[in-house]
Amino acid sequence: MLLDIDTLPLVDMAFMNEVHQEDVHLINRLFETLLAYESEPTEKNALAVDSSLEKWYTHTVSHFEGEEVKMRESGFPPYAMHKGEHDRVLGEISSLMEQWKGTREPKPLKIYLIEVLPHWLVTHIETMDTVTARFLKRSISPSNI
Ligand SMILES: [Fe+2]
Ligand SMILES: [Fe+2]
């Protein structure tokens, strides 16, 4: 297991917490398939990485879009900054996907999953997602202000 779901920071919107927990499951699954491929680089294991990588990427696109739709609907002022960070990370993930598909070399993805992603995810949730969720909660319930 790469990421422990119990250590994930919680934000003020349940829909975001649910998506983050799904994200952690998909990341852990991807990491397991990658380790299996590394110890036994068969075609079957490569296809399992393809599949878990595809699922994580698709989920990440909808994770980010889900937050962006809510930010636009509520007129969240730092929308562009938050979306810019989502776009940057999606760019990183898609170039790692292309690299993996072209080379079947697990190292770059493994290094990203260990050294970059967990720290990014926790920091992103603690900062931009926390502020966004707080804003969304207030915009839904003005009495909370
Ligand atoms: Fe998020
Ligand atoms: Fe976000």
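This is a predicted model: local features need pLDDT of at least 70, side-chain atom pairs count only at pLDDT 80 or more; totals for chains, interfaces and linings use all residues.
## Overall architecture

The chain has four helices and zero strands. Read from the N terminus, its elements follow the order α-α-α-α. The C-alpha trace extends over about 60 × 30 × 20 Å along its principal axes.

## Helix 2 against helix 3

Helix 2 packs on helix 3 at an angle of about 170°, and the two axes are 11 Å apart. Angles over 145 degrees count as roughly antiparallel, so helix 2 is roughly antiparallel to helix 3. The residues in this contact comprise 14 nonpolar, four polar and seven charged.

## Helix 3 against helix 4

Between helix 3 and helix 4 the packing angle is about 165°, with the axes 12 Å apart. These two helices are therefore also described as roughly antiparallel to each other. Their crossing is left-handed.

On the helix 3 side, the contact is made by Met81, His82, Glu85, His86, Arg88, Val89, Glu92, Ile93, Leu96 and Gln99. Helix 4 contributes Pro108, Leu109, Tyr112, Val116, Trp120, His124, Met128, Asp129 and Thr132. Sorted by class, the contact of helix 3 with helix 4 holds ten nonpolar, five polar and four charged residues.

## Helix 2 against helix 4

Helix 2 (residues 43-74) and helix 4 (residues 107-140) pack at about 25°, and their axes lie 11 Å apart. Angles under 35 degrees count as roughly parallel, and helix 2 and helix 4 are therefore roughly parallel to each other. The crossing of this pair is left-handed.

From helix 2, the residues in contact are Leu53, Trp56, His63, Phe64, Glu67, Lys70, Met71 and Ser74. They meet a set in helix 4 that includes Leu109, Tyr112, Trp120, His124, Asp129, Thr132 and Phe135. The contact of helix 2 with helix 4 is made up of eleven nonpolar, five polar and three charged residues.

## Iron ion (ligand 1)

Four protein residues donate to the iron ion (ligand 1): His20 through NE2, His63 through NE2, Glu67 through OE and Asp129 through OD, at 1.9 to 2.2 Å. The four donor atoms subtend angles of 84 to 158° around this ion, so the arrangement is irregular.

Along the chain, the donors of the iron ion (ligand 1) have the spacing H-x42-H-x3-E-x61-D. Distant parts of the chain are linked here, with His20 in helix 1 (residues 14-39) and His63 in helix 2, 43 residues apart.

## Iron ion (ligand 2)

The donors of the iron ion (ligand 2) are Glu67 (OE), His82 (NE2), His86 (NE2), His124 (NE2) and Asp129 (OD), at 2.2 Å. Their spacing in sequence is E-x14-H-x3-H-x37-H-x4-D. This site also links distant parts of the chain: Glu67 belongs to helix 2 and His82 to helix 3 (residues 79-103), and the two are 15 residues apart.

## The iron pair and the helix contacts

The iron ion (ligand 1) and the iron ion (ligand 2) lie 3.5 Å apart, with Glu67 as a bridge.

His63 and Glu67 of helix 2, together with His124 and Asp129 of helix 4, are part of the contact between helix 2 and helix 4. His82 and His86 of helix 3 take part in the contact with helix 4, as do His124 and Asp129 from the helix 4 side.

Notes:
Residues are numbered from 1 along each chain as its sequence is written. Chains are lettered from A and ligands numbered from 1 in the order in which they are written. Side-chain values use heavy atoms; hydrogens and water are left out. Axes are lines fitted to C-alpha atoms, for helices over the stretch in contact, and angles run from 0 to 180 degrees between N-to-C directions. Angles under 35 degrees count as roughly parallel, over 145 as roughly antiparallel, 65 to 115 as roughly perpendicular and the rest as oblique. A crossing is left-handed if the near helix is turned anticlockwise from the far one by less than a right angle, and right-handed if clockwise. Contact means heavy atoms within 4.5 Å. Ala, Val, Leu, Ile, Met, Phe, Trp, Tyr, Cys and Pro count as nonpolar, Asp, Glu, Lys and Arg as charged, and the others, Gly among them, as polar. Donors are N, O and S atoms within 2.8 Å of the metal (3.2 Å for Na, K and Ca); water is not among the atoms, so sites may look incomplete. Four donors count as tetrahedral if all angles lie between 85 and 135 degrees; four count as square planar and six as octahedral if opposite donors are over 155 degrees apart and all others between 65 and 115; anything else is irregular.
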